[in-house]
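Please read this report with the sequence and the model side by side.

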Amino acid sequence: MSRKGQTKPREIVPDTLYNSITVAKIINYCMYDGKKTPAEKEVYEALDILKKETKSDDIMVTLEQALDNIKPKVEVRPKRIGGAVYQVPTPVRGPRQLSLAIRWLITSSRNLANKQFHSFGKKIANELLAALKNEGASVTKRTEVERMAEANKAFAHMRW
């Protein structure tokens, strides 16, 4: 923990096409070795596919719905008491909810080893479409985390 006080969150510049901070964060999470242009291309391709599949006028509303289905409400955090470490369920703050949702979306898209999806943009679009229907690997990850918190509900009084 920093001795100089809390760190301020960095200002993220919205992306150029949709003027959205959420899309900019997704692009930044997709980026490898600082290569932003290929990451932008893949994310924009995924959003175009999502727009065609859902036949939605406003793609940002659809994206927010998919991310809301991935966002966890509660998670477990370890707390050491005496010699034992307890998994204490705690509510997840808003910015962390979004970052976990985007991280799980990208990770599950990367792990999607299906031959019919050749490009990463198609994999992201497939995972977003699955998240809209409350299925897919990222939604499974969310339910797993929330189930773990429910199982450790007895330790909720140890929250700091």
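## Overall fold

Of the contacts in the chain with a separation of 6 or more, 62% join residues 24 or more positions apart. Contact here means heavy atoms within 4.5 Å. This is a predicted model, in which local features need pLDDT of at least 70, side-chain atom pairs count only at pLDDT 80 or more, and totals for chains, interfaces and linings use all residues. Residues are numbered from 1 along each chain as its sequence is written, and side-chain values use heavy atoms, with hydrogens and water left out.

The chain has 6 helices and 2 strands. Along the sequence they follow the pattern α-α-α-β-β-α-α-α. Helices (H or I, at least four residues) and strands (E, at least two) are DSSP runs, numbered from the N terminus. The C-alpha trace spans about 55 × 40 × 30 Å along its principal axes. Of the 160 residues in the chain, 39% are buried. Buried means under 20% relative accessible area, exposed over 50%, and partly exposed in between, with a 1.4 Å probe and protein chains only.

Two packed helices are described by the angle between their axes and the distance between the axes. Axes are lines fitted to C-alpha atoms, for helices over the stretch in contact, and angles run from 0 to 180 degrees between N-to-C directions.

How do the axes of helix 1 and helix 4 cross, and at what angle? Helix 1 (residues 21-30) and helix 4 (residues 94-110) have axes that come within 10 Å and cross at roughly 45 degrees. That makes helix 1 oblique to helix 4. Angles under 35 degrees count as roughly parallel, over 145 as roughly antiparallel, 65 to 115 as roughly perpendicular and the rest as oblique. Helix 1 passes helix 4 in a right-handed crossing. A crossing is right-handed if the near helix is turned clockwise from the far one by less than a right angle, and left-handed if anticlockwise.

Helix 1 brings Thr22, Lys25, Ile26, Tyr29 and Cys30 to this contact. Helix 4 answers with Leu98, Ser99, Ile102, Arg103, Ile106 and Arg110. By class, the contact of helix 1 with helix 4 has 6 nonpolar, 2 polar and 3 charged residues. Ala, Val, Leu, Ile, Met, Phe, Trp, Tyr, Cys and Pro count as nonpolar, Asp, Glu, Lys and Arg as charged, and the others, Gly among them, as polar.

Helix 1 also packs on helix 2, at an angle of about 125 degrees and with the axes 8 Å apart. The two are therefore oblique to each other. Helix 1 passes helix 2 in a right-handed crossing. From helix 1, the contact takes Val23, Ile26, Ile27, Asn28 and Cys30. From helix 2, it takes Lys36, Ala39, Glu40, Val43, Tyr44 and Leu47. These residues divide into 8 nonpolar, 1 polar and 2 charged.

## The hairpin

Strand 1 (residues 74-81) and strand 2 (residues 84-91) pair in the antiparallel sense over 8 bridges. Two strands pair if DSSP finds at least two bridges between them. Val74 has Pro91 of strand 2 as its bridge partner. Glu75 stands opposite Thr90 in strand 2. The two strands form a hairpin with 2 residues between them.

Gly82 sits in the loop between strand 1 and strand 2. Gly82 counts as exposed because its relative accessibility is 66%. Between Gly82 and Ser138 there are 35 Å in space, C-alpha to C-alpha, and the two are 56 residues apart in sequence.

## Positive phi and a buried Asn

Most residues other than glycine have a negative phi, and most peptide bonds are trans.

| Residue | Phi |
|---|---|
| Asn19 | about 55 degrees |
| Lys55 | near 55 degrees |
| Gly82 | about 65 degrees |

Asn19 lies in the segment before helix 1. Asn19 is exposed, with a relative accessible area of 61%. Lys55 lies in the loop between helix 2 (36-54) and helix 3. Lys55 is exposed too, at 70%.

Is Asn69 buried or exposed? Asn69 counts as buried, at 18% relative accessibility. Asn69 lies in helix 3 (residues 59-70). Not counting residues up to four places away in sequence, Asn69 touches Ala131, Leu132, Asn134, Val139 and Arg142.
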